[in-house]
Amino acid sequence: MRIISGTHKGRRILAPRKLPVRPTTDMAKESLFNILNNHFYFKDVKVLDLFSGTGNLSYEFASRGVPAITAVDNHSGCIHFIAKTAEAFEFPIQPFKADVYDYLKKHQGQYDIIVADPPYDFEVERFREIVDLVVQQELLADDGMLIVEHASVMSLEDHPHFAEARKYGSSVFSFFRESEKE
């Protein structure tokens with residue numbers, strides 16, 4: 001994986017092969033950050049990266065100047081790799097080893113951007129539960145955005161907080177806002 005933009009643009013990060021991950025492709029990541037760049041000034045936001053895996057998205061946020069990033073994953077190897085990489089690059093990433101659903105139920109605080117990249121083989125209800133918990137726990141700041149990455153064979157468009165979806169190959173980013181559809 002590589003960092004696409006920011007202070008560490010072009011840096012390659014080699015994750016251990018044994019990690020159970022499916023990193024977001026460079027094409028999809030670049031498209032996502034082009035969208036986010038039009039909505040947010042990265043130096044002023046807090047980010048929560050759920051199912052962070054290798055930390056691919058967290059590193060991209062950090063390279064673009066985000067001052068506070070929380071990365072949550074339940075795999076010890078992933079959390080260790082994120083912590084090691086964040087320290088080496090001096091990135092403001094705080095990794096947490098936790099079940100994402102438990103973390104969302106117990107965590108307090110708000111974020112401007114929340115990204116979730118759960119395993120694609122999860123049932124659609126598990127994807128919807130992420131959105132529901134973020135909304136119920138009021139984890140999105142005013143004008144905040146939740147982005148859920150999922151397989152293109154799945155649709156989350158019927159969720160009341162759904163805003164839009166963007167497809168990139170076999171992946172889709174579904175965007176959710178705190179305010180409901182009108």
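**Burial and salt bridges**

Guide: Glutamate 60 and lysine 29 are both buried, where buried means under 20% relative accessible area, exposed over 50%, and partly exposed in between (1.4 Å probe, protein chains only). This is a predicted model: local features need pLDDT of at least 70, side-chain atom pairs count only at pLDDT 80 or more, and totals for chains, interfaces and linings use all residues. Residues are numbered from 1 along each chain as its sequence is written, and side-chain values use heavy atoms, with hydrogens and water left out.

Visitor: What do the side chains of glutamate 60 and lysine 29 form?

Guide: They form a salt bridge, 3.5 Å from N to O; the term means a side-chain nitrogen of Lys or Arg within 4 Å of a carboxyl oxygen of Asp or Glu. Glutamate 60 lies in helix 2 (residues 56-63) and lysine 29 in helix 1 (residues 26-37), so the pair ties together parts that are 31 residues apart in sequence. Helices here are DSSP runs of H or I with at least four residues, and strands are E runs of at least two, numbered from the N terminus.

Visitor: How many salt bridges in the whole structure?

Guide: Five. Another one joins glutamate 164 and arginine 166 at 2.9 Å, N to O. Glutamate 164 is partly exposed at 28%, and arginine 166 is partly exposed at 34%. Elsewhere, shared partners link Lys29, Glu60 and Arg64 into one salt-bridge network.

Visitor: New topic. How many helices and strands in the chain?

Guide: Five helices and seven strands.
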